[in-house]
Protein chains: 2
Amino acid sequence: MGSEERIRLVCRECKESYPLERITICDQCLAPLDVEYELGSLTIAKTSYESRVKSIWRYSELLPILDRRHCVELGVGLTPLVRASNLGDSIGSSKLYLKNDTLNPTLSFKDRPAEVAVSKALEFGDRVVSCVSTGNLAAAVAAHAAKAKLEAYVLAPFDIEPEKISQILAYGAEVISVSGTYDDANRLATLASYELGWNIVNVTSRPYYVEGSKTIAFELCEQFGWNPPDNVIIPVASGALLRAIHRGFEQFRDLDLIDSVPRLFGAQAEGCSPIAAAFKEGVSTLRPVEAPKTIAKSIAIGDPADGRYVLETVRQTSGSVEAVSDSEILAAIVELGRSEGVFVEPAGGVAVAAARKLIHKGIIPKDDTTVCCITGNGLKTPELILHEPSLTRPATISPDLGALKELLKGRSPLLHA
Amino acid sequence: MGSEERIRLVCRECKESYPLERITICDQCLAPLDVEYELGSLTIAKTSYESRVKSIWRYSELLPILDRRHCVELGVGLTPLVRASNLGDSIGSSKLYLKNDTLNPTLSFKDRPAEVAVSKALEFGDRVVSCVSTGNLAAAVAAHAAKAKLEAYVLAPFDIEPEKISQILAYGAEVISVSGTYDDANRLATLASYELGWNIVNVTSRPYYVEGSKTIAFELCEQFGWNPPDNVIIPVASGALLRAIHRGFEQFRDLDLIDSVPRLFGAQAEGCSPIAAAFKEGVSTLRPVEAPKTIAKSIAIGDPADGRYVLETVRQTSGSVEAVSDSEILAAIVELGRSEGVFVEPAGGVAVAAARKLIHKGIIPKDDTTVCCITGNGLKTPELILHEPSLTRPATISPDLGALKELLKGRSPLLHA
């Protein structure tokens with residue numbers, strides 16, 4: 001069976017099936033489309049992974065690119081899984097791990113969906129790609145567009161961090177700053193996709209785009225020696241990441257590569273937590289947040305496209321969705337840096353702060369194997385640390401030993417005798 | 001043969017040998033000591049690497065940590081090797097590659113020596129580690145010290161970038177800012193090591209510290225399928241990195257894992273290029289640069305400790321040392337971002353600018369396999385890009401389609417019809 005027949009778009013609701021074209025929504029019922037793979041015809045040996053390419057393309061049977069020559073390659077994926085014993089001791093988890101996706105090429109997990117989406121744009125014959133973004137996706141799309149020799153345009157809310165802008169500009173993309181929220185920029189992007197025919201990867205290529213993120217689940221299966229963890233905690237913005245990770249585990253289970261799917265937990269910032277609110281209330285419809293207010297800008301999506309499906313997924317896996325405050329996020333950033341040597345942007349702090357809550361509440365047992373998905377690097381938001389009053393500022397001294405001794409006076413572990 | 005007998009410190013000049021203790025200089029002739037491995041007793045099968053740990057510790061037989069339990073692990077190494085066809089087309093190389101070491105845990109190659117040095121500090125029973133640094137090593141040592149639960153102090157020249165300070169603070173280390181150059185801070189560090197008994201990893205543990213960097217050579221051997229590249233271009237500060245990479249290739253050659261050692265090229269910024277100057281003059285002694293002046297602060301060492309050995313090494317491998325101007329460095333940063341989607345700090349630009357020169361001059365043949373070592377991430381120096389006048393600034397529009405169409409007026413590829 002060729003890839004063309006084996007891989008289809010399928011309606012998430014009515015299950016109507018379509019070929020892999022540039023469509024995102026079911027003709028029949030207007031529900032979103034997902035890429036589905038005929039897994040019955042597929043056998044994958046675990047040992048085959050030993051000799052595969054060291055990037056997300058090692059999972060190519062389960063990605064929607066038909067011709068390998070269209071795959072753009074920046075070295076995405078296979079990010080470190082780190083045992084976080086120090087942090088685990090502090091928050092009461094005996095088997096805590098970090099999936100450090102801050103070490104993707106543009107320093108966030110967004111390289112995964114962007115690498116797939118820009119490859120699909122090549123397959124579609126596009127010359128231009130675009131996205132709507134709080135900054136991380138923009139950098140990822142811009143870098144991949146550069147490598148693929150495509151023009152790139154980014155729609156972003158006006159208040160994204162200058163560091164994220166520096167990345168996008170360095171990759172040669174044009175930044176169109178929208179005076180409004182992410183949701184305002186997103187509505188404009190949807191209009192632009194119809195009126196201007198843009199390939200806005202997280203809008204018009206969304207079924208393909210989201211496929212990239214499930215490689216996190218595949219990697220966790222490999223990195224845990226095919227015994228997946230009990231719990232995975234995932235920052236939630238649109239909800240696409242959590243849903244993709246769930247689909248990844250399900251696909252590896254359906255291929256008999258693993259036995260079971262972990263409990264999945266969503267983590268949001270209190271200042272923009274429509275999914276956590278709906279979970280708490282036990283409902284399935286979301287009340288959009290009009291004016292998000294949180295330091296976790298990269299996940300500040302007030303009207304999350306996949307919100308309903310996140311609720312379904314966490315309920316199905318016996319997980320939950322937690323909200324954490326900005327001060328809990330900042331404390332988690334500092335604690336993660338000091339205990340594990342991992343520097344994250346607020347979205348990463350959200351996952352760690354949620355882990356602390358979930359373990360404290362007993363929702364996650366202390367001896368479970370628990371993974372926090374660390375999604376974006378701290379160097380994308382250095383101001384938060386430079387202005388954090390709890391940290392010691394650098395002291396300046398003249399280059400002589402007297403000045404150094406004076407500065408260190410009374411700190412015994414440093415001194416001879 | 002146990003590790004204790006198989007691994008020794010050996011004087012670089014008189015070859016006197018010592019056990020693995022906390023010494024850096026030969027008693028007999030005051031020359032620096034290197035870690036040497038009895039390779040005759042060692043057989044390593046290439047296939048054994050398929051199942052080894054996915055970090056620098058896969059090379060543990062050739063690293064100076066005696067007890068595996070002392071190894072600190074942040075997920076260092078196995079960074080992507082990326083084929084740079086677009087950049088290669090532009091600079092006239094048909095087989096150009098980037099070794100993207102900006103994707104180590106603290107976003108520079110310095111995680112390699114820091115991971116080994118902090119592990120050795122654990123082996124020595126230290127409670128405190130320190131370093132003298134232009135910022136990258138400081139972040140690497142701070143992160144590893146956090147993971148290893150050691151206190152960390154950093155001596156740095158006062159003018160290092162705030163982004164680098166944010167990293168160091170996030171990892172919980174104390175920054176001691178020295179009002180002077182790197183060389184001033186380095187002299188103070190040397191005094192402090194004697195007077196205060198500090199373990200300043202790149203001074204008092206230097207023989208161990210430098211061992212980490214040779215893992216770049218080991219990885220290149222693996223990533224090129226055991227056929228090493230013809231040329232490797234390496235940014236040079238103290239010179240330790242270039243020398244370590246050379247030793248790595250030599251050791252794999254001596255183990256019959258590869259046949260030959262590549263030509264090695266050093267790259268310096270014109271504003272601080274004592275080694276390039278000595279190479280050009282054909283001499284072996286360096287004139288230190290009193291007041292370095294370059295945007296490439298992370299390699300601005302006026303009095304490089306291993307300068308003489310860099311000259312020896314590049315001459316021995318038929319390489320050279322090139323100097324490039326700040327404007328060439330900036331142009332290289334922009335070109336690398338736009339052609340390959342890789343965002344680097346100036347030291348990375350130095351390697352690419354040197355590659356262009358070496359190929360243009362015919363010193364490196366166009367059809368050779370050539371690797372640029374990309375050592376530090378662009379998010380460590382975002383201001384350079386935010387203030388670069390050649391780049392288009394973000395335009396701000398209101399969130400409506402009319403405003404977007406107005407902004408894009410006349411850009412045909414974007415519009416329908």
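Two residues are in contact if their C-beta atoms, placed from the backbone, lie within 7 Å.

Entry 1: I looked up sequence separation in chain A first. Among contacts between residues at least 6 apart in sequence, 68% join residues at least 24 apart. I note that this is a predicted model, where local features need pLDDT of at least 70, side-chain atom pairs count only at pLDDT 80 or more, and totals for chains, interfaces and linings use all residues. Residues are numbered from 1 along each chain as its sequence is written, while chains are lettered from A and ligands numbered from 1 in the order in which they are written.

**Entry 2: overall form.** I checked the radius of gyration of chain A, taken over C-alpha atoms, against the globule rule of 2.2 Å times the number of residues to the power 0.38. For 417 residues a compact globule would have a value near 22 Å, and chain A agrees because it has 22 Å. The C-alpha trace spans about 75 × 45 × 45 Å along its principal axes. I find 15 helices and 13 strands in chain A (DSSP runs, numbered from the N terminus: H or I of at least four residues, E of at least two). Of the 417 residues, 59% count as buried (20 or more other C-beta atoms within 10 Å of the residue's own, with C-beta atoms placed from the backbone).

**Entry 3: domains.** I took the bounds from an automatic or database domain assignment. Chain A has domain 1 (1-42) and domain 2 (81-107 + 211-386). Their C-alpha centres are 28 Å apart. Each of the two domains gives 4 residues to the contact.

**Entry 4: the A-B interface.** I see 73 residues of chain B in contact with 73 residues of chain A. On the chain B side, α6(B) gives the most, with 8 residues. That side has 40 nonpolar, 19 polar and 14 charged residues (Ala, Val, Leu, Ile, Met, Phe, Trp, Tyr, Cys and Pro are nonpolar; Asp, Glu, Lys and Arg charged; the others, Gly among them, polar). I also find β13 (residues 395-397) of chain A running parallel to β8(B), joined by 3 bridges. Pairing needs at least two DSSP bridges. A:Thr396 stands opposite B:Ser177.

**Entry 5: the core.** I looked up the largest nonpolar core, which has 282 residues (buried Ala, Val, Leu, Ile, Met, Phe, Trp, Tyr and Cys joined through C-beta atoms within 7 Å). A:Val141, A:Val154, B:Val141 and B:Val154 have the most contacts inside it. Leaving out residues up to four places away in sequence, A:Val141 touches A:Ala114, A:Val118, A:Val129, A:Cys131, A:Ala152, A:Val154 and A:Val201.

Definitions and conventions
Buried ≥ 20, exposed ≤ 12 C-beta atoms within 10 Å, placed from the backbone.
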